[in-house]
Amino acid sequence: MDANTPLYSFLLQLGDNALILGHRLGEWCGHAPEMELDIALTNIALDLTGQARALYQRATELNAQGKTEDDLAYLRDVPEFRNVLLVEQPNGDFAHSIARQFYFDAFNYFFHEELTRSSDAWLSGFAVKSLKEITYHLRFSSEWVLRLGDGTATSHEKMQTALDDLWYWTGEMTTPSDLERQMAADAIGPSLQQIKSRVNDRVNDVVSMATLQLPTGTWMQSGGKVGRHTEHLGFILAEMQFLQRAYPGNEW
Amino acid sequence: MKKSWPLWEVFIRSKSGLDHKHAGSIHAADAEMAIENARDIYTRRNEGVSIWVVESKHITASDPDDADALFEPAKDKIYRHPTFYNLPDEVKHM
């Protein structure tokens, strides 16, 4: 554990979610099923990377210790990342990437909607700006859940499989860690218990409209918020951090 | 064999008060997806405030081979341009 302030750790956690999911979406670049989707997915990736940069920059302003946003992105190892496990899960097929995105967007939307009321002026400003991007992300992923779910027999089956496969990574998002409880108590961060029902309602609405079914399993995986990650994060960092590790201090 | 999505023509209004202008075309499975794809491809550098899409098959175009009959006759009819009026000095912005 580092001796940093709770707000600093909170900023890093939000930034890590955005950075890692943005990296995953970036992996679709040049591989998406259609050229239009290639651009759509990388647009979302760039939105998320931009959000991560803003959050890391703010964190270094609060607690510089001579560190830059690049140090935070490229020179921390797996246990120091605080992103939820969902966002580091592999892309899988297109339906899996859409399921991951949809589950995350639904949470992220209501999270940022509440974050606009943060007592921290910088965070509320950040949330107002990001919410516009996230609103579009949720629209995009919801529309795709609908089209695949209510599409052909094959697309329905693939979408259902993806929702099932990723289900047990979803509970972690709305289960508060000690840090998140403290942030909520200080009126800096949202109360996750409060937004949980809104997230669930939205997910249920879209999934049932798509003629799909949400899994009923209640056991949920967790650990990302305290730095216990799946094997996948190490491989992401190996690729993402290679350049800075091999050529320290290198710049564009 | 890969069956691809239908083609759509995209029209973008760059700012309020201006006309929608043809920006290009995209592929999409339906109209809503066409709006999203057009948004992602043609407005990502702040080019627009409004988007129209129309499936390309609904556009009827003039035949280039008919160009002589359609457009040539207008070329020598300069009297159709309002350039023969003497404007009073009081009229400034014409």
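**Figure 1. R24(A) and its salt-bridge partner in the predicted model.** R24(A) counts as buried, because its relative accessibility is 7%. Here buried means under 20% relative accessible area, exposed means over 50%, and partly exposed lies in between (1.4 Å probe, protein chains only). The side chain of R24(A) meets that of E27(A) in a salt bridge, at 3.0 Å from N to O. A salt bridge is a side-chain nitrogen of Lys or Arg within 4 Å of a carboxyl oxygen of Asp or Glu. E27(A) has 27% relative accessibility and so counts as partly exposed. A search of the whole structure finds 17 salt bridges over all chains. This is a predicted model, in which local features need pLDDT of at least 70, side-chain atom pairs count only at pLDDT 80 or more, and totals for chains, interfaces and linings use all residues. Residues are numbered from 1 along each chain as its sequence is written, chains are lettered from A and ligands numbered from 1 in the order in which they are written, and side-chain values use heavy atoms, with hydrogens and water left out.

**Figure 2. A salt-bridge network in chain A.** E113(A), E114(A), R117(A) and R198(A) are linked in a network of salt bridges. One of its pairs is R117(A) with E114(A), whose side chains meet at 2.8 Å, N to O. R117(A) is exposed, at 57% relative accessibility. E114(A) is buried, at 13%.

**Figure 3. The fold of chain A.** Chain A has 10 helices and 0 strands. Helices (H or I, at least four residues) and strands (E, at least two) are DSSP runs, numbered from the N terminus. From the N terminus on, the elements run α-α-α-α-α-α-α-α-α-α. The C-alpha trace of chain A spans about 55 × 40 × 30 Å along its principal axes. A compact globule of 252 residues would have a radius of gyration near 18 Å, and chain A agrees, with 18 Å. That radius is taken over C-alpha atoms, and the globule rule is 2.2 Å times the number of residues to the power 0.38. Of the 252 residues in chain A, 56% are buried. Take the contacts in chain A between residues at least 6 apart in sequence: 80% of them join residues at least 24 apart. Contact means heavy atoms within 4.5 Å.

**Figure 4. The interface of chain B and chain A.** On the chain B side, 14 residues are in contact with 15 residues of chain A. The area buried between the two chains is about 1,400 Å², and carbon and sulfur atoms give 48% of it. Buried area is the accessible area (1.4 Å probe) that two parts lose on being put together, summed over both. W5(B), E36(B) and D40(B) supply 37% of the area that chain B buries against chain A, more than any other three residues. Across this interface the rule finds 7 residue pairs in polar contact, both residues at pLDDT 80 or more. A polar contact is a pair of N or O atoms within 3.5 Å; within protein, one must be able to donate a hydrogen and the other to accept it, and residues adjacent in sequence count only if both atoms are side-chain atoms. β2 (20-27) and α1 (31-42) of chain B each supply at least two residues of the side that touches chain A. The largest share of that side, 8 residues, comes from α1(B). By class, the side of chain B that touches chain A has 5 nonpolar, 2 polar and 7 charged residues. Ala, Val, Leu, Ile, Met, Phe, Trp, Tyr, Cys and Pro count as nonpolar, Asp, Glu, Lys and Arg as charged, and the others, Gly among them, as polar.

**Figure 5. E36(B) and R139(A) across the interface.** The rule finds 3 salt bridges across the interface of chain B and chain A. One of the salt bridges joins E36(B) to R139(A), with the closest N and O atoms 3.1 Å apart. The pair crosses between chains, from helix α1 of chain B to helix α6 (residues 121-149) of chain A. E36(B) is buried, with a relative accessible area of 3%. R139(A) is partly exposed, at 40%.

**Figure 6. Two loop residues with positive phi.** T211(A) is not a glycine, yet it has a positive phi of about 60°. T211(A) lies in the loop between α9 (192-209) and α10 (231-246) of chain A. At 43% relative accessibility, T211(A) is partly exposed. N46(B) is not a glycine either, and its phi is positive, about 65°. N46(B) is found in the loop between α1 and β3 (50-55) of chain B. N46(B) is exposed, with a relative accessible area of 69%.
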